Amino acid sequence: MNKWAAVMAWVAGLGFGIPGVFGLAHFAKHGEVRTFMGFPTYGDGPFETWGIPNSVLLMSGFLAVCAAELVVGVLLWNGTEIGLWLALAILPFELFYWIGFALPFGPVFGLIRTVLVVATLVRN
């Protein structure tokens, strides 16, 4: 189960992190949210309605969470117990960004990874 949880961590980390790098670079250069296939990338979501304007700092924070997700994936793949606990510890931060940027697939990846992690913890 650790290996599948690791794969889910990598899918989320890379799947959101790679576009996040491009979105951050565009925002830093042009001061506007980049669109992809007509959808805003990391902007114009609930953060705006909550009064949290998009910024380089906000997007950088999300990229840091994506990087942490990749590290968690490596730890899960290697079967370390700390990887299991870190996967649970970063979940609130991920949810904050997934919801704030209106990323519908994030919670799905997070739920699957969390179920696998909890199942591993219960089995141990």
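**Helix 5, the buried side**

I started with helix 5 and asked which of its residues are buried. The list reads Leu91, Glu94, Tyr97, Trp98 and Gly100. This is a predicted model, so I keep that in mind for everything below. Next I looked up what covers those buried residues: the cover includes helix 1 (2-30), helix 2 (46-49), helix 3 (56-77), helix 4 and helix 6 (105-123).

Glu94 sits in helix 5. Buried or exposed by the numbers? Its relative accessible area is 2%, and the cut-off for buried is under 20%, so Glu94 counts as buried. I then checked what Glu94 touches, leaving out residues up to four places away in sequence, and got Val65, Glu69 and Arg113.

I also looked just past the end of helix 5. Ala102 has a positive phi there, about 55°.

**Helix 4 against helix 5**

Two packed helices are described by the angle between their axes and the distance between the axes. For helix 4 (residues 81-89) and helix 5 (residues 91-100), I noted an angle of about 35° and axes 5 Å apart. Helix 4 puts Ala87, Leu88 and Ala89 into the contact, and helix 5 puts in Leu91, Pro92 and Phe93. Sorted by class, that contact comes out as 6 nonpolar residues, with no polar and no charged ones.

**Largest pocket**

How much space lies in the largest pocket? I wrote down about 330 Å³. It has 16 lining residues, and the closest to its centre are Thr35, Phe36, Phe39, Pro40 and Thr41. The elements giving two or more residues to this lining are helix 1, strand 1 and strand 2 (39-40). Helix 1 gives the most, with 3 residues. By class I have 9 nonpolar, 5 polar and 2 charged residues in the lining.

Phe36 got its own look. Phe36 belongs to strand 1 (residues 35-36). Its relative accessible area is 55%, and exposed means over 50%, so Phe36 goes down as exposed. I also took the C-alpha separation between Phe36 and Lys3: 31 Å, for residues 33 apart along the chain.

**Second largest pocket**

The second largest pocket has a volume of about 180 Å³. I listed its lining as Gly15, Phe16, Pro19, Pro40, Thr41, Tyr42, Ala102, Leu103, Pro104, Phe105 and Phe109. Ala102, the residue with the positive phi, is in that list. Helix 1 and helix 6 are the elements that give two or more residues here. Which element gives the most? Helix 1 does, with 3 residues. The lining divides into 9 nonpolar, 2 polar and no charged residues.

Pro40 and Thr41 turn up here, and I had already noted Pro40 and Thr41 at the largest pocket.

**Whole chain**

Last, I stepped back to the whole chain. I counted 6 helices and 2 strands, in the order α-β-β-α-α-α-α-α along the sequence. The radius of gyration is 15 Å, close to the 14 Å that the globule rule gives for 124 residues, so the chain is as compact as a globular protein of that length. Its C-alpha atoms fill a box of roughly 50 × 25 × 25 Å along the principal axes. Buried residues make up 40% of the 124. For contacts between residues at least 6 apart in sequence, I noted that 69% join residues at least 24 apart.

Terms used
Residues numbered from 1 in each chain as written. Predicted model: local features only at pLDDT ≥ 70, side-chain atom pairs only at ≥ 80, totals over all residues. Heavy atoms only, no water. Axes fitted to C-alpha atoms, helices over the stretch in contact; angles between N-to-C directions. Helix = DSSP H or I, 4+ residues; strand = E, 2+ residues; numbered from the N terminus. Contact = heavy atoms within 4.5 Å. Nonpolar A, V, L, I, M, F, W, Y, C, P; charged D, E, K, R; others polar. Buried < 20%, exposed > 50% of the residue type's maximum accessible area, 1.4 Å probe, protein only. 1 Å grid on protein atoms, 1.4 Å probe; cavity = no way out; pocket = protein on both sides within 12 Å on 5 of 7 lines; lining within 4 Å. Points joined across faces, edges and corners; volume = space filled by probe spheres on them. Rg over C-alpha atoms; globule rule 2.2 N^0.38 Å.
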